[in-house]
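Please look over the chain shown below before reading on.

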Amino acid sequence: MAGTRSNSMANDKQVVLVGVDDSDFSMYALEWTLDHLSSTHKKLVLVYARPSVAASVGFIGPGAAEVLPVVDADLKRTATKVIEHAKELCNHKSVNDVTVEVVEGDARNVLCEAVEKHHASILVVGSHGYGAIKRAVLGSVSDYCAHHAHCTVMIVKKPKLKH
């Protein structure tokens with residue numbers, strides 16, 4: 001029995017989950033992950049939280065039937081673009097063992113649920129660098145995940161350009 005257990009443990013890879021979106025901050029966090037976290041004993045999972053059509057439109061009323069399909073198509077295009085860009089970054093760094101998921105919903109909930117689903121040992125998210133007021137109004141995905149995800153959370157800040 002002990003031999004079987006050690007063999008299964010040797011095949012288990014730690015899961016590194018990276019939240020990606022269409023921002024430079026998220027792609028920087030992915031690049032940082034690829035550069036700094038060895039992929040030797042790790043499985044990389046990229047998760048894109050696709051906003052729902054209703055949340056993107058913000059209203060449902062007269063004319064919604066014409067608007068919703070256009071918004072849905074745009075959201076799908078954005079998701080495809082984000083995932084393709086993320087895969088290109090991984091390929092460029094010779095990281096090919098990547099699982100990609102697009103899940104509709106609020107990024108805070110989607111990422112925390114993905115941590116549970118994949119048994120992630122670390123969640124990496126980018127920081128948009130919002131100030132206190134903007135963070136209070138918009139909510140911070142990274143702050144929420146730091147408090148609610150059941151794993152280590154790495155918040156990667158993109159360096160500010162110096163003039």
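In this predicted model, helix α7 (residues 141-148) lies across β4 (122-127) and β5, and the helix runs at about 160° to β5. Such an angle is taken between axes, which are lines fitted to C-alpha atoms, for helices over the stretch in contact, and it runs from 0 to 180 degrees between N-to-C directions. Helices (H or I, at least four residues) and strands (E, at least two) are DSSP runs, numbered from the N terminus.

Residues are numbered from 1 along each chain as its sequence is written, and side-chain values use heavy atoms, with hydrogens and water left out. As the model is predicted, local features need pLDDT of at least 70 and side-chain atom pairs count only at pLDDT 80 or more, while totals for chains, interfaces and linings use all residues.

**The sheet**

- Five strands form an open sheet in the order β3-β2-β1-β4-β5, and the pairing is parallel; two strands pair if DSSP finds at least two bridges between them.
- Because β3 and β5 (152-157) stand at the edges, each with a single partner strand, one side of each has no neighbour in the sheet.
- From one strand to the next, the twist averages 25°.
- Strand β1 (residues 14-20) and β4 run parallel and are joined by three bridges, and Val18 has Val124 as its bridge partner in β4.
- Six bridges pair β4 with β5 in the parallel sense, and here the bridge partner of Val124 in β5 is Met154.
- Six of the six residues of β4 are buried, so this strand is largely enclosed by the rest of the structure; buried means under 20% relative accessible area, exposed over 50%, and partly exposed in between (1.4 Å probe, protein chains only).

**Two residues in β2 and β3**

- Strands β2 and β3 pair in the parallel sense over seven bridges, and Arg50, which lies in strand β2 (residues 42-50), has Glu104 as its bridge partner in β3.
- The side chains of Arg50 and Glu104 are also joined by a polar contact of 3.1 Å, a term for a pair of N or O atoms within 3.5 Å in which, within protein, one must be able to donate a hydrogen and the other to accept it, and residues adjacent in sequence count only if both atoms are side-chain atoms.
- Leaving aside neighbours within four places in sequence, Val100 is in contact (heavy atoms within 4.5 Å) with Leu46, Ile83 and Lys87.
- The C-alpha atoms of Val100 and Lys87, which are 13 residues apart along the chain, are separated by 8.6 Å.

**The whole chain**

- The chain has seven helices and five strands, and buried residues make up 33% of its 163 residues.
- Of the contacts with a separation of 6 or more, 79% are between residues 24 or more positions apart.

**Confidence**

- The chain averages a pLDDT of 84, and 79% of the residues score at least 70; pLDDT is the predictor's confidence in each residue, from 0 to 100.
- Where pLDDT is low, the predicted coordinates should not be read in detail.
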